[in-house]
Structure formats: structure tokens, C-alpha cells
Amino acid sequence: MTAAGRPTGSGPTAGLSKGSASPPRRSGLRNPQRAVAGLGAGLLSLEALVLVLAIQPIRVVGGGLSAAAIAAVVALAVVAVLLAGMIRRAWAWPAGVVLQGALLLAGALHWSLLVLGVIFALVWAYALHVRRVILG
């Protein structure tokens, strides 16, 4: 027994021998890469859905949504869906940051797009934080 009252060999390094090369896993996930990819893909899919569904309420309530703004929203939604499908590639995460920046720039076309851009940029920043914590 140790001083803490636990049997010897029951701590976090109980399964490791002194010469073991693999440290304990940082998370309890079976496949952290896949979990993080699922987070990114889910977030981008949700963003695309929100963008497409936001067109009509913005047009009706916000007034004055131009054809250029609608085209920008549809283009951003298509890019979000494409990135969601390719999120396992290393370049897709920085491309997601660029997508959030493009949505913020679309705020010049209509103020509500700026609001959506700020919300999704904050959520994307949190997803990047979670990715860094899980994958190290």
C-alpha cells in the first residue's frame, strides 16, 4: 500500500514498465484524430446549414439583402460543406480559419452576416483550442 491508501501499482503509470516507450494517452478517446475530425466536420456542416437557412429570415426581417449577399452566403455554405468533407487533411483546419474570415468580410454586405461571422469565428476558435488540447 502507498501512503495515499492505494495498492501499489494502481496509479496512472501502473501499466508501464520503467523502460516503456509509450507514455499514457492524453485523452480517454479511442481515436483522437477521428474525434477531432468529427468536431470540425460537424461544426462546418452546422455552419453551412445555418447560413443557408438564414437567407430568408435575413431577407424578410433585416431587409435589403442584395443578390451579391445571397450569392456570398451560398458560396460560403458550399465551401463549408466541401471543407467538412476534407477535414481530415492538414490544410483543412487553416482553410476553416480563412472561411471564418471570409464570413466576417461578408459582413460588409449585410450586418447580420457580420454577426454570424463573429459567432462562428468564436466557435471555430474554441474548436481549434479543443483540437490543440486533444492532439497536443
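Contact is taken here as heavy atoms within 4.5 Å. The structure is a predicted model, and the protein chain averages a pLDDT of 85, with 80% of the residues scoring at least 70. Among the elements, the lowest mean pLDDT, 92, belongs to helix H1 (residues 32–62), and the highest, 96, to helix H3 (residues 92–105).

The protein chain contains four helices and zero strands, and its pattern along the sequence reads α-α-α-α. Of the 136 residues, 29% are buried. Among contacts between residues at least 6 apart in sequence, 66% join residues at least 24 apart. The chain exposes about 8600 Å², of which carbon and sulfur atoms supply 68%.

Helix H4 comprises 25 residues (111–135), and its end C-alpha atoms are 36 Å apart. Just after H4, glycine 136 takes a positive phi of about 85 degrees.

The buried residues of H4 are Ser112, Leu113, Leu116, Gly117, Phe120, Trp124, Ala127 and Val130. The cover over these buried residues includes H1, helix H2 (67–85) and H3. In an α-helix, residues three or four places apart point the same way, because there are 3.6 residues a turn.

Two of the buried residues of H4, Phe120 and Trp124, are also in contact with glutamine 100. Glutamine 100 is placed in helix H3. Its relative accessibility is 3%, and glutamine 100 therefore counts as buried, the cut-off being under 20%. Leaving aside neighbours within four places in sequence, the contacts of glutamine 100 are Leu44, Glu47, Phe120, Ala121 and Trp124.

Leu104, Leu114, Val118 and Leu122 make a nonpolar surface patch of about 330 Å². H4 supplies the largest share of this patch, three residues. Valine 118 has a relative accessibility of 39% and so counts as partly exposed, a class that runs between 20% and 50%.

Conventions: Residues are numbered from 1 along each chain as its sequence is written. This is a predicted model: local features need pLDDT of at least 70, side-chain atom pairs count only at pLDDT 80 or more; totals for chains, interfaces and linings use all residues. Side-chain values use heavy atoms; hydrogens and water are left out. pLDDT is the predictor's confidence in each residue, from 0 to 100. The expected span of a helix is 1.5 Å times one less than its number of residues. Buried means under 20% relative accessible area, exposed over 50%, partly exposed in between (1.4 Å probe, protein chains only). Patches are made of residues with over 30% relative accessible area and no salt bridge: like charges are joined within 9 Å, nonpolar side chains (Val, Leu, Ile, Met, Phe, Trp, Tyr) within 5 Å. Accessible areas come from the Shrake-Rupley method with a 1.4 Å probe; for residues, only the protein chains shown count as cover. A salt bridge is a side-chain nitrogen of Lys or Arg within 4 Å of a carboxyl oxygen of Asp or Glu.
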